[in-house]
Amino acid sequence: MKAAVVQQFGAPLVIEERPDPEPGPGQVRIRVETSGLCHTDIHAAHGDWPVKPTPPFVPGHEGVGLVEKLGDGVTHLAVGQRVAVPWLGSACGRCEHCLSGWETLCESQVNTGYGCDGGYAEKMLARADFAQPVPDGVSALDAAPLTCAGVTTYKALKVAGVGPAQLVAVSGVGGLGHLAVQYAKIAGARVAAIDVTDDKLRLARELGADIVIDARTQDVGVELKRHGGAHIALALAVHPTAFEAVNSGLRRGGKLVMVALPAHGTVRLPIFDTVLNGTSVIGSIVGTRQDLAEVFQLHAAGRTKVVSETRPLAAVNDCIDEVLHGQVKARIVFDLTTGK
């Protein structure tokens, strides 16, 4: 099989020929059809974060494909069934977090494409219990971005407790943001979409955003306050100043939900305003298996639209450059069915 491999941090990924992996007990082998390019994959390949993966490794945590082989003890999946493999590759299932519905906080979790090889390959292994069945009505192309970009923003809005008629500010209308706009609308909220590129602002309007703010020429905080202030602000743009800008537009009692993970920098929050206005700062990291099942159900029902571009895996390094230079409208998805 072919795989795109991180040999060393910061270097271009190398397309290698590797033997097909053999599933152990409780695992499945998947013939990958599609795999999304998430900014987290780039952070992994560059070794940007304090806890780093160990090269060589295969990144990718939006892998979707057909089960090809079952390991011992796997009875709930079938050969030929389409599944998705998310960031949460496995969790212990026994700790307080797992038992209380917060498996994404498990301290023993293994993350796909970070702690184990991921979906930038023609074949991959996954823990069967964490390989999410993809329902009819959700294509492999759409399932890939939903597996991370979708479930991450869906969970963030759940954590924030979004409700009808609230104003939700979506800072950054890209792979995550274009889905966040849709989930907020499904919840009955008004949406203010914020970005710095014409294409993404146009996309936000097409997807139903009620207010569009161009952060190049408009003061984000002033504009949000002009509309009463945001009840919830999703910080999806990967820059600390974007976090600060959208936080300044919260109404009293509003919530800043931090989702994006910049490689460097800190966010400065005004203590006086935070205390006086009773605002909250919340961290939200991906979603559970149940959250992903709900994301797929919504898409199968025709409630969401995924905007993506397909590329061959061989173009992985060019695609990473495009993402880093802000040249991608929403999400790049590698199509591994072409054999290129």
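T104 counts as buried, because its relative accessibility is 4%, under the 20% cut-off. The model is predicted. T104 sits in a loop between α2 (96–99) and β7 (110–111).

**T104 and V286**

- Beyond four places in sequence, T104 touches L88, Q109, I285, V286, G287 and T288.
- One of these partners, V286, belongs to the loop between β15 (280–283) and α9.
- V286 is buried too: its relative accessible area is 9%, and T104 has 4% relative accessibility.
- The phi of V286 is positive, about 40°, although V286 is not a glycine.

**T34 in strand β3**

- T34 is placed in strand β3, which spans residues 27–37.
- T34 counts as buried because its relative accessibility is 6%.
- The T34 side chain reaches the backbone oxygen of A140 at 2.7 Å. That lies within the 3.5 Å limit for a polar contact.
- Residues up to four places away aside, T34 touches E62, G63, V64, A140, L141, A144, V333, F334 and L336.
- Helix α3 covers residues 140–160, and A140, L141 and A144 are among the residues that T34 touches.

**Helix α3 against helix α9**

- The axes of α3 (residues 140–160) and α9 (residues 289–300) come within 9 Å.
- They cross at roughly 115°, so the two helices are roughly perpendicular to each other.
- The crossing of α3 past α9 is right-handed.
- On the α3 side, the contact is made by D142, A143, L146, T147, G150, V151, Y154, K155 and K158.
- On the α9 side, D291, L292, E294, V295, F296, L298 and H299 take part.
- Sorted by class, this contact has eight nonpolar, three polar and five charged residues.

**Helix α7**

- Helix α7 runs over residues 240–247 and is mostly covered, with six of its eight residues buried.
- The buried residues are P240, A242, F243, E244, V246 and N247.
- They pack against strands β10 (167–171), β11 (190–195), β13 (230–235) and β14 (250–258).
- Helix α6 (220–226) is also among the packing partners of the buried α7 residues.

**K185 in helix α4**

- K185 lies in helix α4, residues 177–186.
- Is K185 buried, partly exposed or exposed? K185 counts as partly exposed, because its relative accessibility is 31%.
- Neighbours within four places aside, K185 is in contact with V191, G208 and D210.
- The C-alpha atoms of K185 and P164 are separated by 8.7 Å, and the two residues are 21 apart along the chain.

**Further backbone features**

- Which residues does a cis peptide bond join? P55 and P56 are joined by it, and omega is about -5°.
- P56 is placed in the loop between α1 (39–46) and β4 (63–70).
- A165 has a positive phi, near 75°, and is a residue other than glycine.
- A165 is found in the loop between α3 and β10.
- A165 is exposed, with a relative accessible area of 57%, whereas V286, which also has a positive phi, is buried at 9%.

Key
Residues are numbered from 1 along each chain as its sequence is written. This is a predicted model: local features need pLDDT of at least 70, side-chain atom pairs count only at pLDDT 80 or more; totals for chains, interfaces and linings use all residues. Side-chain values use heavy atoms; hydrogens and water are left out. Helices (H or I, at least four residues) and strands (E, at least two) are DSSP runs, numbered from the N terminus. Buried means under 20% relative accessible area, exposed over 50%, partly exposed in between (1.4 Å probe, protein chains only). A polar contact is a pair of N or O atoms within 3.5 Å; within protein, one must be able to donate a hydrogen and the other to accept it, and residues adjacent in sequence count only if both atoms are side-chain atoms. Contact means heavy atoms within 4.5 Å. Axes are lines fitted to C-alpha atoms, for helices over the stretch in contact, and angles run from 0 to 180 degrees between N-to-C directions. Angles under 35 degrees count as roughly parallel, over 145 as roughly antiparallel, 65 to 115 as roughly perpendicular and the rest as oblique. A crossing is left-handed if the near helix is turned anticlockwise from the far one by less than a right angle, and right-handed if clockwise. Ala, Val, Leu, Ile, Met, Phe, Trp, Tyr, Cys and Pro count as nonpolar, Asp, Glu, Lys and Arg as charged, and the others, Gly among them, as polar.
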